[in-house]
Amino acid sequence: MEFKPPFPPFTLETALQKVQMAEDAWNTKNPEKVALAYTIDSQWRNRSEFINGREEIKAFLTRKWQKELDYRLKKELWCFMDNRIGVRFEYEWHDQLGQWYRSYGNEMWEFADNGLMRFRYASINDLLIEKNDRKFH
């Protein structure tokens, strides 16, 4: 069986750790590595897309980071309880034409007892920005 500490139920310290681990992993832009934080049958909603299982997660993340170039993410713990964590996030990226964006959103996470995330629900909005308006370099 796979394990990904820290495990629920979360404390403030372990919830903060889980959020930082997610931020660090996503900033690698490595779909294989990121997917290992999720259960084999993990279910996601990302914007209007529904994703089921690690293989779909890897395919989704591969497409995402082919489109969202120079991606840089920051996450912040919003709340936690038992095996659930809520985060707010923002990230910056640009498209193939050089247009920069800042994407804002919220995620709701639910974890299995082994510390892997089994549900991820993300609501995201994009804001056009100029390159010199970037926060994350």
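Predicted model: local features only at pLDDT ≥ 70, side-chain atom pairs only at ≥ 80, totals over all residues.
User: Why is Leu61 called buried?

Analyst: Buried means under 20% relative accessible area. Leu61 has 0% relative accessibility, so Leu61 counts as buried. This residue lies in helix H3, and beyond its neighbours within four places in sequence, Leu61 is in contact with Trp26, Pro31, Val34 and Trp44.

User: And why is Glu110 called buried?

Analyst: The relative accessible area of Glu110 is 14%, and the cut-off is under 20%, so Glu110 is buried. You will find Glu110 in strand E5. Setting aside residues up to four places away in sequence, Glu110 touches Asn83, Arg84, Leu116, Met117, Arg118 and Phe119.

User: How do you know which residues touch the most other members of the largest nonpolar core?

Analyst: Members of such a core are buried residues of listed types, including Leu, Ile and Trp, joined through side-chain atoms within 4.5 Å. Of the 29 residues in the largest one, Trp26, Trp44, Leu61, Ile85 and Trp109 touch the most other members. At least two residues of this core come from each of helices H1 (12-28), H2 (31-35) and H3 (53-67), and from each of strands E1 (38-46), E3 (69-81), E4 (84-94), E5 (100-111) and E6 (117-129).

User: What does Trp109 touch, not counting residues up to four places away in sequence?

Analyst: Contact means heavy atoms within 4.5 Å. On that basis, the partners of Trp109 include Lys18, Val19, Ala22, Ile85, Val87, Met117 and Phe119. Lys75, Asn83, Arg84 and Arg120 are also among them.

User: How many side chains are positive and how many negative, and how far apart do the centres of the two sets lie?

Analyst: There are 22 positive and 22 negative side chains, and the two centres lie 2 Å apart.

User: Lastly, what share of the residues is buried, and what share of the accessible surface belongs to carbon and sulfur atoms?

Analyst: Buried residues make up 47% of the 137. Carbon and sulfur atoms account for 54% of an accessible surface of about 7700 Å².

Methods: Residues numbered from 1 in each chain as written. Heavy atoms only, no water. Buried < 20%, exposed > 50% of the residue type's maximum accessible area, 1.4 Å probe, protein only. Areas by Shrake-Rupley, 256 points an atom, 1.4 Å probe, with all protein chains shown as cover. Lys, Arg positive; Asp, Glu negative; His and termini not counted. Charge placed at Lys NZ, Arg CZ, Asp CG, Glu CD. Helix = DSSP H or I, 4+ residues; strand = E, 2+ residues; numbered from the N terminus.
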